[in-house]
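Open the model in your viewer and show the whole chain. We will go from the overall fold to a few side chains.

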Amino acid sequence: MKEPVGYYIKDVARITGLSEQVIRKWEDRYGIVRPVRKDNGYRIYGEEEIRKLLRMQALRKEGHPLKRAAELAMAEERTAGTAQQPESESGRYVRKLIGQGEQCHEAELERLLRQAHSELGLAHFLDEVVIPFLKQVGGLWERGEWGEYQESVSSLIVRDLLVNIRRNVRPAPGAPLIIGACFPEERHEIPVHLILLKAMMRGYRTHLVGASPAPGAIESIVRQLKPDAVLLSASTTAPFLRHPDVLGELDRFAGEHPDIRFYAGGAGVRLAAASGKPVHIRMTDNVEQVLRDLGNDYSNT
C-alpha cells in the first residue's frame, strides 16, 4: 500500500505559525482539515490542508470568531472546488526559509534570500518574503518552538542582507533626509532597516542610527544632520523599563524642533504610550502613511 505524501503536523505548525495543539483543536472541533493517517497513526497533511489553515488564521485576524472563521474557510473551499490557487512563489520562499532557519543553515538562508530578492524585486521581496518570514520566526521563538540560536541566525542573516541592499540604493543628493533610530536599549533594528529601505525606494535619503544608541545620541544626531523626519522604533519595552522617561524626553525634544516631523512605532512604543500619548511625536506603524505625510515621492523612476 502506498504511503500518503504530505506534511507531518510539526511541519504544518512551522509553515503556518500555529501550534500543534491549535491545529488539532481546529481539526477536532471545527473539521477545518481532514488529514490522512499513516499505518503508524501519524497525521499527514496535504497542501490544501495548509491553505485552509492559513485562510482560517487570516479570517481570525480579521476579527471573525473561530466558528465563523471555520465556516467561511470551508465555504470558500467548496466554492473554489478543485480550482485551488497554487502556492505563491513568495509563499514557497517563506516555507523554505523556515525550514533552513530551523536547521540554522546560514549559507542556504542567505542563498534563498538573495534569490528571492533577485526574482521578486525589492518591494515584493520585503512585503511578501522578509516580513512574513520574520513574523513566523518571532512566533516560533515566542512559543518556545525555536531556540535563541535559531531565531538569532535567521534574524542576523536577514539584517545583513538588508544592510547590503541599502548600500546599493542611491537616492538623489538633494532629496529629503529621514533618520531611522531604535530607542536606547532597543536591539531589534530590523524594523528600522525595513522602514528606511521603503523610504529609499521612494527616493529619500536615509541615515540609520544603530541598535541601542546611548541616551542623548538621537538628539545629537538630529541637531547635526537636521533631517526632514525622524522615525523611532521599539519592538520591546526594554527602553522604557531602563529609561522610564525616554519617550517623554524625546517628545519634548520634538516639540523644540517643529520643522522636523517625528514618528514612533513598534509594539514597545505602543505599550509605553498607553499611560500617556506623546504630544509632538506621531504614533504610527505605517511607513506609507509617513511618506504620504511628507508629501512627495522623490524617486527618479
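Start with contacts across the chain. Among those between residues at least 6 apart in sequence, 71% join residues at least 24 apart. Keep in mind that this is a predicted model.

**Whole chain.** Switch to cartoon. The chain has 14 helices and seven strands. Along the principal axes, its C-alpha atoms fill a box of roughly 75 × 40 × 40 Å.

**Surface.** The accessible area of the chain is about 15900 Å², and carbon and sulfur atoms account for 49% of it. Of the 301 residues, 45% count as buried.

**Charges.** Colour by charge next. There are 42 positive and 41 negative charges, and their mean positions lie 3 Å apart.

**Helix 8.** Select residues 148–167, which form helix 8. Zoom in on Arg166, which lies in this helix. What is the nearest side chain of opposite charge to Arg166? That is Glu189, 7.7 Å away. Arg166 is buried, yet has no salt bridge.

Show what surrounds Arg166. Leaving aside neighbours within four places in sequence, Arg166 is in contact with His193, Leu196, Leu197, Met200, Thr206 and Leu208.

**Cysteines.** Select Cys104, then Cys182. Are these two residues buried or exposed? Cys104 counts as buried because its relative accessibility is 18%, and buried means under 20%. Cys182 counts as buried too, because its relative accessibility is 0%. Finish with a search for disulfides: the structure holds zero.

Terms used. Residues are numbered from 1 along each chain as its sequence is written. This is a predicted model: local features need pLDDT of at least 70, side-chain atom pairs count only at pLDDT 80 or more; totals for chains, interfaces and linings use all residues. Side-chain values use heavy atoms; hydrogens and water are left out. A disulfide is a pair of cysteine sulfur atoms within 2.5 Å. Buried means under 20% relative accessible area, exposed over 50%, partly exposed in between (1.4 Å probe, protein chains only). Helices (H or I, at least four residues) and strands (E, at least two) are DSSP runs, numbered from the N terminus. Contact means heavy atoms within 4.5 Å. Accessible areas come from the Shrake-Rupley method with a 1.4 Å probe; for residues, only the protein chains shown count as cover. Lys and Arg count as positive and Asp and Glu as negative; His and the chain ends are not counted. The place of a charge is taken as NZ of Lys, CZ of Arg, CG of Asp or CD of Glu. A salt bridge is a side-chain nitrogen of Lys or Arg within 4 Å of a carboxyl oxygen of Asp or Glu.
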